[in-house]
Every structure is written in C-alpha cells, then in structure tokens.
Amino acid sequence: MSKQSPRKPRTDAERNRGRVLQTACELFAEHGPQVQMADVAKAAGVGVGTLYRHFPTRQALIEAVTEQRFAEILAFARAQCLPDPDTRRALSCFLTRIGEVHDEGRGLSSAIEAALGSTEPRGEVSTELLALSETLLERGRADGTLRADTKIADLYMIAGAVATISRDAIGDWRRFIDIALDGLRPR
C-alpha cells in the first residue's frame, strides 16, 4: 500500500476558510465573546457544516483568529518597524501597532481571553515575534540606544501593558509607550 501525500485544499475551500476567519474577526471585534458559530457562518455566507469542517469547535476558530491577529502584527513589524534604523522608532512602531490592534479589536480581545485564558501569542508566531523582538533589542543594546541590561522580558512586560491599557481603555497607551521607552534608555 503506498502512502499518499496530503491533498492540497481546494481553492474554494481556502477562500471559504479565509472568509470565515475575516468574518469571525469582525464579529468578535464588534460583539465580543457572545458571538456564536452560527452567527459567523451566516455572516460569512457559508453553511454551518462548512464552518465546522474548517473549525470543529468554537475554540479552534478563536485559536485561528488569534494566530491570524498575531501573524498580522508580525508581518507589519517586519515590513514597517524592523527596517527603521532608529531603534527607538522601530520599537515605538512595534508597540504602537500592538496598541492599535488591541484598541481597534477590544471585543476580539475579550473573546480570545474568554476562550483561551489570555491574549498572548502562541506557537510558531510567538516564536517569530520573540525573534523579531530580540533582534530589535540586540540592535538597541549594540547602538547604545537601550540599556545594556534590557531583556526580552522587559519588552514583553511593556507590550503586555500597552495591550492592556489600549484594550481596556484605562489610559493613554501612546504616552505610556513613550514613558516606557524612556525607561529603557541608558543612564
């Protein structure tokens, strides 16, 4: 018996999956955790069976939406922030994008947190965000714009605070970014 390689998904199936993900993002952003699978299917223009073929559970859908959200942050950071030779501007760009995503998607953040217990990135996208962050920090330590003892945990603490401040509308998250980055300057 020969092993067959996995079949490539049909174009229409991929298109349906993409439409479902986009629709789910929009619905969760607007209505938060109360969005149901049937709501997503109806708004995406697909049958409930199609939705469940791609995402067998609501949690699977939210995990995919979460991964997409962080993949978009990563792509933005690679294209817009990392190329900036000014480390402080590059870090500000990255943190600002995190703030914007959480500010614009408060309901989505609530849905993610309700389903997964946190809004932190996971899996491969988390590893890639970590590598990008470390690249920025290494650059800043090397060019003297960041304290020599700056660690990835420092940047993640700042990113988490920016996400919380913007998501929960508890203050001026843009000002917080400036203040936090000032704290990373060499003494």
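Visitor: Is Ala163 buried or exposed?
Guide: Ala163 counts as buried because its relative accessibility is 8%, where buried means under 20% relative accessible area, exposed means over 50% and partly exposed lies in between, with a 1.4 Å probe and protein chains only. This is a predicted model, in which local features need pLDDT of at least 70 and side-chain atom pairs count only at pLDDT 80 or more, while totals for chains, interfaces and linings use all residues. Residues are numbered from 1 along each chain as its sequence is written, and side-chain values use heavy atoms, with hydrogens and water left out.

Visitor: Where is Ala163, and which residues does Ala163 touch?
Guide: Ala163 is placed in helix 8, residues 152-168, where helices are DSSP runs of H or I with at least four residues, numbered from the N terminus. Not counting residues up to four places away in sequence, Ala163 touches Ile98 and His102, and contact means heavy atoms within 4.5 Å.

Visitor: New topic: at what angle do helix 4 and helix 6 cross?
Guide: The axes of helix 4 (residues 58-81) and helix 6 (residues 106-116) cross at roughly 130° and come within 10 Å; axes are lines fitted to C-alpha atoms, for helices over the stretch in contact, and angles run from 0 to 180 degrees between N-to-C directions. That makes helix 4 oblique to helix 6, since angles under 35 degrees count as roughly parallel, over 145 as roughly antiparallel, 65 to 115 as roughly perpendicular and the rest as oblique.

Visitor: Which residues meet there?
Guide: From helix 4, Gln59, Ile62, Glu63, Val65, Thr66 and Arg69 meet Leu108, Ser109, Ala111, Ile112, Ala115 and Leu116 of helix 6.

Visitor: How many disulfides are there?
Guide: A search of the whole structure finds 1 disulfide, which is a pair of cysteine sulfur atoms within 2.5 Å. The disulfide joins Cys81 to Cys93, with 2.2 Å from S to S. Cys81 lies in helix 4 and Cys93 in helix 5 (residues 87-104), so the pair ties together parts that are 12 residues apart in sequence.

Visitor: Why is that disulfide left-handed?
Guide: The disulfide is left-handed because the torsion about the S-S bond of Cys81 and Cys93 is about -65°.

Visitor: And what about Cys25?
Guide: Cys25 is in no disulfide, and the nearest cysteine sulfur, that of Cys81, is 20 Å away. Cys25 counts as buried at 13% relative accessibility, and Cys81 is buried as well, with a relative accessible area of 0%.

Definitions and conventions:
Helices (H or I, at least four residues) and strands (E, at least two) are DSSP runs, numbered from the N terminus.
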